[in-house]
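Dear colleague,

I am handing over the structure below, together with some notes on what was found in it. Please read the notes with the model open beside you.

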Amino acid sequence: MGASPEPALIVFAWGNESRGDDGIGPAFAGYLRELGDPRIEIIEDFQLNIEHVTDFRGQTPLLFVDASVAIESGIAVEQIAPSKDGNFSTHAISPQALLNVYQQTTSEALPPAFLLHIAAQSFTLGDAPGSTALEALGEAREFFADLIRAPTTTWAERLAAAAA
């Protein structure tokens, strides 16, 4: 068997499907799996962990996807950089802190990294995602569908432009 090709994009999606809008990250990962696009590597988890640095692949762009209270509606793309933001433990880590761990533990250059915020409001145990989060998830799907229609060599540039 031949080696599988390097992905053109690595997507990290996380969240807890039993906590209302927090399930939006896994819902987005499900959408990506339905696409079946071999250019996209999907990493879905309950939360980001320090071990996820082993999922980075050279200069392959990274897209982190999560439910977000940082925006009121819709979606927002943010280009992220390493940070010692204090959101770090042996059980959970922010995307920025994960980039910092990668930078501190390898001699590799950082890949381009982005955070896709999907608006969320309710994280109550046992609730289904609310209308704001579901509408934002639809926007995220449309944004991503548009992104992957472009040549893979432009994906990082297009994400950076959306973040600007």
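Helix α4, which spans residues 155-163, lies across β1, β2, β3, β4 and β5, and runs at about 110° to β4; please keep in mind here, as in everything that follows, that this is a predicted model. Helix α3, made of residues 131-149, also lies across β1, β2, β3 (62-68), β4 and β5 (113-119), and its direction is at about 145° to that of β5.

The strands under discussion form an open sheet of five, in which the order is β2-β1-β3-β5-β4 and the pairing is mixed. Because β2 (40-45) and β4 (75-79) stand at the edges and have a single partner strand each, one side of each is left without a neighbour in the sheet. On average, and with direction ignored, neighbouring strands of this sheet are turned by 20° against each other.

Among the bridge partners in β2 are Glu41, which belongs to Ile10, and Asp45, which belongs to Trp14. With helix α1 (residues 24-35), these two strands make a right-handed β-α-β unit.

The largest pocket holds about 170 Å³ of space, and its lining consists of Trp14, Asp22, Asp66, Ala67, Ser68, Val69, Ala70, Pro95, Leu115, His117 and Phe123. Two or more residues of that lining are given by each of the elements β3 and β5, with the largest share, three residues, coming from β3. By class, the lining residues divide into seven nonpolar, two polar and two charged.

Best wishes

Note on methods. Residues are numbered from 1 along each chain as its sequence is written. This is a predicted model: local features need pLDDT of at least 70, side-chain atom pairs count only at pLDDT 80 or more; totals for chains, interfaces and linings use all residues. Side-chain values use heavy atoms; hydrogens and water are left out. Two strands pair if DSSP finds at least two bridges between them. Helices (H or I, at least four residues) and strands (E, at least two) are DSSP runs, numbered from the N terminus. Axes are lines fitted to C-alpha atoms, for helices over the stretch in contact, and angles run from 0 to 180 degrees between N-to-C directions. Contact means heavy atoms within 4.5 Å. On a 1 Å grid over the protein atoms alone, a cavity is a set of points where a 1.4 Å probe fits but cannot get out, and a pocket is an open set with protein on both sides within 12 Å along at least five of seven lines; lining residues have an atom within 4 Å of a point. Grid points are joined across faces, edges and corners, and a volume is the space filled by probe spheres set on the points. Ala, Val, Leu, Ile, Met, Phe, Trp, Tyr, Cys and Pro count as nonpolar, Asp, Glu, Lys and Arg as charged, and the others, Gly among them, as polar. A crossover is right-handed if, with the strands pointing away from the viewer, the path from the first strand over the helix to the second runs clockwise.
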